[in-house]
Amino acid sequence: AETLRILMLGDSLVNGMVWTDQTQTLTALVQSNLEQKVAADPEAIVPHEIEVLNVAAGSWGPRNELAYLQQFGTFQSQILILVLNTDDFFGAPPRPEVVGHNPNYPDRNPPGAWAEVLQQLWRRLPLPAAWRSSWGLQPAPLPPLPEEKDVIGINLKAIDAIYTLTQAEGMQFFVVLSPLRRELEQEGGSRDYEKTLRQRFQDWADQHQVAVLDLLPLFNAHPRPLTLFSDHIHLSSVGNQEVAAAIVQRLQTQGFLEF
């Protein structure tokens, strides 16, 4: 009862990956911002402890995120913030057979840090493909996934299932939608198919009265929007700070928090 717990669910944007210091991840910044606001307002109606959980992994899409919640639950969180980027709407179905097959998805811990460094270097040696295959450095390719006719619709269904799960548990829910860098006005703007998927998502959000924080207008209004990105999709530390502040502001203005 003394804890406000917010679950942030997403992919590498939330996880932060190896290029983001722990203190600069979205979840750490949102938590520190909230704690500062509560400390500055002695009349704030907020529990004594604030926890912002980081439930995310690189390359996850809505179907991965739904599967995680179905297996592990929401940890008695009061608020769930789903962080999506444009590419998530085209995410492929989860593929368990890559685990233990693709070096990026290991099925066991390395013996140690130096052993992992040597393994990574060994895999990158400029050797003939036949040698790499015979020595287990180049796993055989997996069969192609079956084609999905409406991948956007399938991922929207997964988002809808996440929303339904939160409502069944009495949680508050809102979505943060992050653009690709090339969707910025300075870079040419969203392509037609991206505008279509954004409209489909917005129609779903309007139907369910789901609050959406669309970062594209916010980024376009920034004096130096390119500084918000570290590459074509991931946010820089400056971008994370801007987004964290926007999330906290939305938590306040939408009535999620009373302070």
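Are Y163 and W204 buried or exposed? Both Y163 and W204 are buried. Buried here means under 20% relative accessible area with a 1.4 Å probe, protein chains only, while exposed is over 50% and partly exposed lies in between.

A word on the source. This is a predicted model, where local features need pLDDT of at least 70 and side-chain atom pairs count only at pLDDT 80 or more, while totals for chains, interfaces and linings use all residues. Residues are numbered from 1 along each chain as its sequence is written, and side-chain values use heavy atoms, without hydrogens and water.

Back to our two rings. A pair of aromatic rings is described by the distance of the centres and the angle of the planes. Rings of Phe, Tyr and Trp (its six-membered ring) pair if their centres lie within 6.5 Å; planes under 30 degrees apart are stacked, over 60 edge-to-face, and the rest tilted. That rule gives eight aromatic pairs. For Y163 and W204, the centres are 5.8 Å apart and the planes stand at 90°, so this pair is edge-to-face. Y163 sits in helix α6 (residues 151-168) and W204 in helix α7 (residues 192-208), so the pair ties together parts 41 residues apart in sequence. Helices (H or I, at least four residues) and strands (E, at least two) are DSSP runs, numbered from the N terminus. Y163 and W204 also belong to one aromatic cluster, along with F89, F173 and F201.

Next, helix α3. Its buried residues include P62, R63, N64, E65, L66 and L69. Among what covers them are β1 (3-10), β3 (79-85) and α6. Just after α3, G73 takes a positive phi of about 85°.

On a 1 Å grid over the protein atoms alone, a pocket is an open set of points with protein on both sides within 12 Å along at least five of seven lines; a cavity is a set where a 1.4 Å probe fits but cannot get out; lining residues have an atom within 4 Å of a point. A volume is the space filled by probe spheres set on the points, which are joined across faces, edges and corners.

Of its 26 lining residues, S59, W60, N64, P94 and Y105 are the closest to the centre. Helix α3 (residues 62-72) gives the most to this lining, with four residues.

Last, the cavity. The structure has one of 30 Å³ or more. The largest cavity has a volume of about 60 Å³. Its lining includes S12, W19 and H234.

Technical notes
Contact means heavy atoms within 4.5 Å.
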